[in-house]
Amino acid sequence: MSHQPQDFSLFKTGEVIPQGLIDSKTFRSCFVYTDTQGTSSSWLTTCFVENLIFGTCYINKDASSFKTSKFSIKNPRSRVIIVSFLHGISFYNKTWVKYLGVDPSFQGNENLGFFDLSTAEAPVDKLFKPVIAALKSSTLPCTVILDHPELYFLTNRCSINEFMTQISYLNSLTNILISTSADANLIDLHETDPSTITHRQTEFLTKLYHRSQMILSLRPLETGRADDVTGTITVSKGSISFEDEVKNLETNEHQYLYLVNKEGSVKVFFR
Amino acid sequence: MSFRRRQEVIGGTPSGLSPGVNSSRNPVAGGPSRGPPVSPPSRAPLRNTPHVNPTGPAPGLHNRAANNDMLAQHPGIRPSTITSQPTLSTGSADLDRLLTHEGLPLGNSLLIEENGTTDFSSVLLKVYAAQGIVHNRNAGKLNTHVIVIGSDQQWGRQLPGVYRGSSKEQKKNKVATNESKVTVGNINDSNLKIAWRYGLKKDSPSEEFSDHSQTYPNYQHAFDITSSLLPAPAANEMSFVSLNVPDYSKVMLHIQRIISQHQGKLIRIVLQSFLNPAMYPPQLIQHNQSLNFIKSLRHLLHNSPNISLVSSINLDLYPRHNALVTMIEMLFDAIIELKPFPPELVQMMERIYKNQPAKIKQGFLNVLKLPVLSESGLMVIKEMEYCFKNGKKKFEIEEWSIPIDEEEEERSTTKDIEF
């Protein structure tokens, strides 16, 4: 009797980020993952970093699964650049030590770069300048992860269109993954005042959804808090399909239950 | 042969002002005036304690090393029970337990949200500040500095003193102290045995609260909100940052200047009634300005191993469904919400617990975020699972249980039988 593997995967091939997507010379993807107050997505960021560098996923095996990979931080599957508007590198280091095997004092390197823009006040057209420079100088394929970029445009004088232009430019250079907040209080499609936080975040999310290939939503249980389930992850297709060399990629649209433990380990279950 | 009076202490000074009496068992010099006769609080030693020269060591590695040394020796710091990070007490033992780390890990911030017109959050802010001052007094040297944003010296004078037990306990304590002295009278009669039999020699109540753990005896204290911390915090223990400025950059500069003047100390920052129009000028209430300020504070905290922040916000002015509050919540590491009971529930509890007043609580306490755990993805939101009561000796937090109206039950049972 065969049984369906209950692994966390974003594609029908059973992969999280497929090799074809990393290797593609012409197609650049944009994935969006949204979280809310009770379901922080930081563990998913670590999962993506591990998968991009090593090709493994600690959620599907164990904390040391990266050790079995033929890839390493010195020889990665894809270079990763994290641009965080919320956390410093020390926040991620705590989990990277366990799941990526880096040194506790790790401050980033050319294969796993980190830009802390949590207090960035630069004009939007200069905001990603160092990131773009790092991308252009790289000979290996790169993936950029933007961690809660809404904190920039909500605290600086910058229109959503200007910000989206910068994101589109980044996306034209590389694959990008964007994590952002989607709390119910931040979204109101009927909000008319363009200066409010709700209007700006709603506009950002709507525009992002319309230019992404995949959307992941981390939400708490609708039935209330449970000790054995943290929340749900819903994987769905974005508005744009995969094209060119990766046109055959099929999104594994699915909803999972997941549990984050106090020590940081994550388990994902089929729903 | 010489004769001594029965109550004269053998080999001791005539009054109770011996330095030996005021050992670490009486941690706070100069508590409430109605307390036992401990040695008087001396401002002089505090003033004479050498400051860390702000112009001396250059900021950088040397200061970091000084901070690490301080963290290792500070009586008010212990490792978190979950992550082993250095953690400080919020001044409320129940809140420390609720935060699951036995306190607030350093470099983290706590936001206290409050509904209604009550002001329970200010009690928590005051005990948080008072705890820092008590550590100064207890150690006899300046190891903690409190920065209060938006309030003046008057606020500092309202800090509560250390709880020394009920009047009955204080009397018992006084008798026990007298009995334990080696006097001619005590040696001759068998009072010691009687004192032992009636439990008079047990530790004082203040010790019960301060000695929660043998390993960290002075980590946390209980505070009596009806008393005042005496003497009031001096300028070298507490600084005040004014909000009469055109923008928050001046506030941040002021905070950074104070921190650099107090290198090698634990810094507790108090941000009271954030965005309250009574305290904040209109230009500081704009959402991008206020979010930028919290972002800067967060950056400061996450890059400093010796700073913590506790803030309060009124939800009547800024309800939780307001997007600004959601964004502010995103930038804090821990959040609790105080929700006083509606009047009907208060009346019902008073009726049901008329013979057990201790069981009457004052409101719900919702947990929205916990330090470290929430950011790592754990779902910790607990609404209407805890309740609180602001008592004289402590801010009690307990699990909430719905009160059962036995009279109502009896009435319905009787009716059933009659039917």
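Trainee: Among contacts in chain A between residues at least 6 apart in sequence, what percentage join residues at least 24 apart?
Mentor: The figure is 70%. Please keep in mind that this is a predicted model.

Trainee: How many helices and strands does chain A have?
Mentor: Chain A contains eight helices and nine strands. Its radius of gyration is 18 Å, close to the 18 Å that the globule rule gives for 271 residues, so chain A is as compact as a globular protein of that length. Along the principal axes, its C-alpha atoms fill a box of roughly 60 × 50 × 40 Å.

Trainee: And what share of chain A counts as buried?
Mentor: Of its 271 residues, 43% count as buried.

Trainee: In what order do the strands of the sheet in chain A run?
Mentor: The order is β3-β2-β4-β5-β1-β6-β7-β8-β9, in an open sheet of nine strands with mixed pairing. At the edges are β3 (112–116) and β9 (266–270) of chain A, each of which pairs on one side only. On average, neighbouring strands are turned by 20 degrees against each other, direction ignored.

Trainee: In which sense do β1 and β6 of chain A pair?
Mentor: Strand β1 (residues 30–35) and strand β6 (residues 214–219) of chain A pair in the parallel sense, over four bridges. A:Tyr33 stands opposite A:Leu216 in β6(A).

Trainee: Which strand does α2(A) run at about 175 degrees to?
Mentor: That strand is β4 (142–147) of chain A. Helix α2(A) lies across several strands of chain A, including β1, β5 and β6.

Trainee: Turning to the interface, how many residues of chain A are in contact with chain B?
Mentor: There are 27 residues of chain A in contact with 28 residues of chain B. On the chain A side, the elements that give two or more residues are α2 (42–54) and α8 (197–209). By class, that side has eight nonpolar, 16 polar and three charged residues.

Trainee: What about chain B itself; how many helices and strands are there?
Mentor: Chain B has 14 helices and 14 strands. Of its 419 residues, 39% count as buried.

Trainee: Why is helix α12 of chain B described as largely enclosed?
Mentor: Eight of the nine residues of α12 (residues 323–331) of chain B are buried, so the helix is largely enclosed by the rest of the structure. Among the buried residues are B:Leu324, B:Ile328 and B:Glu329.

Trainee: What covers them?
Mentor: The cover for the buried residues of α12(B) includes β5 (175–181) and α8 of chain A, together with β4 (109–114), α11 (287–302), β11 (334–340) and β12 (363–369) of chain B.

Terms used
Residues are numbered from 1 along each chain as its sequence is written. Chains are lettered from A and ligands numbered from 1 in the order in which they are written. This is a predicted model: local features need pLDDT of at least 70, side-chain atom pairs count only at pLDDT 80 or more; totals for chains, interfaces and linings use all residues. The radius of gyration is taken over C-alpha atoms; the globule rule is 2.2 Å times the number of residues to the power 0.38. A residue is buried if 20 or more other C-beta atoms lie within 10 Å of its own, exposed if 12 or fewer, and partly exposed in between; C-beta atoms are placed from the backbone. Two residues are in contact if their C-beta atoms, placed from the backbone, lie within 7 Å. Ala, Val, Leu, Ile, Met, Phe, Trp, Tyr, Cys and Pro count as nonpolar, Asp, Glu, Lys and Arg as charged, and the others, Gly among them, as polar. Two strands pair if DSSP finds at least two bridges between them. Axes are lines fitted to C-alpha atoms, for helices over the stretch in contact, and angles run from 0 to 180 degrees between N-to-C directions.
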